[in-house]
Amino acid sequence: LPRRIQEAVGDGGRVAVLAQHEADAHDRVVWHAAAGDPACYARELYAKLRTMDHAGVDLILIESPPRTPEWFAVNDRLQRAARGAGKG
């Protein structure tokens, strides 16, 4: 598992991950498949974020999409969502 996920589950936390590539299975990590097509990814993004948010996890991690022009809108939406994330 990637280091950030290992830290969270090592502390007893549960993690939701949105990624195009799934890593090793772990009982405290819930993987959500991200679409490989930017238009499909954009259509599904907020529904997947809501699903992960309501899953009772301690941390939501999202694999960075490609930094190419066709993914610009998706990356913009993720940056906006990240600015609104966190505990107040």
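Visitor: Hi! Before we start, what are helices and strands here, and how are they numbered?
Guide: Helices (H or I, at least four residues) and strands (E, at least two) are DSSP runs, and they are numbered from the N terminus. Please keep in mind that this is a predicted model.

Visitor: Got it. So where does Ala55 lie?
Guide: Ala55 is in the loop between α2 and β3.

Visitor: Is Ala55 buried or partly exposed?
Guide: Its relative accessibility is 34%, so Ala55 counts as partly exposed. If you follow the chain, Ala55 and Leu18 are 37 residues apart, and their C-alpha atoms are separated by 13 Å.

Visitor: Let's look at α2 itself. What span should that helix have?
Guide: Helix α2 has 16 residues, 38–53, and at 1.5 Å a residue it should span 22 Å. Its end C-alpha atoms are 22 Å apart, so the two values agree.

Visitor: Where does α2 bend?
Guide: At Leu45, by about 45°. Leu45 is also one of the buried residues of α2, and Pro38, Cys40, Tyr41, Ala42, Leu49 and Met52 are buried as well.

Visitor: Why might residues a few places apart in a helix point the same way?
Guide: An α-helix has 3.6 residues a turn, so residues three or four places apart point the same way.

Visitor: Nice. And what covers the buried residues of α2?
Guide: The cover includes strands β1 (15–19), β2 (29–33) and β3 (59–62), along with helix α3 (72–83).

Visitor: Tell me about α3, then. How do the axes of α2 and α3 cross?
Guide: The axes come within 10 Å and cross at roughly 20°. Angles under 35 degrees count as roughly parallel, so α2 is roughly parallel to α3. The crossing is left-handed.

Visitor: Which residues make that contact?
Guide: On the α2 side they are Pro38, Tyr41, Ala42, Leu45, Tyr46 and Leu49, and on the α3 side Val74, Arg77, Leu78 and Ala81.

Visitor: Switching topic: which strand holds His32?
Guide: His32 sits in β2. With 17% relative accessibility, His32 counts as buried.

Visitor: What does His32 touch?
Guide: Leaving out residues up to four places away in sequence, His32 touches Ala16, Val17, Leu18, Ala19, Thr51 and Met52.

Visitor: Last one: where is Gly12?
Guide: Gly12 is in the loop between α1 (3–10) and β1. Gly12 has 47% relative accessibility, so Gly12 counts as partly exposed. Gly12 and Arg28 are 16 residues apart along the chain, with 8.2 Å between their C-alpha atoms.

Technical notes: Residues are numbered from 1 along each chain as its sequence is written. This is a predicted model: local features need pLDDT of at least 70, side-chain atom pairs count only at pLDDT 80 or more; totals for chains, interfaces and linings use all residues. Side-chain values use heavy atoms; hydrogens and water are left out. The expected span of a helix is 1.5 Å times one less than its number of residues. The bend at a residue is the angle between axes fitted to the seven residues ending there and the seven starting there. Buried means under 20% relative accessible area, exposed over 50%, partly exposed in between (1.4 Å probe, protein chains only). Contact means heavy atoms within 4.5 Å. Axes are lines fitted to C-alpha atoms, for helices over the stretch in contact, and angles run from 0 to 180 degrees between N-to-C directions. Angles under 35 degrees count as roughly parallel, over 145 as roughly antiparallel, 65 to 115 as roughly perpendicular and the rest as oblique. A crossing is left-handed if the near helix is turned anticlockwise from the far one by less than a right angle, and right-handed if clockwise.
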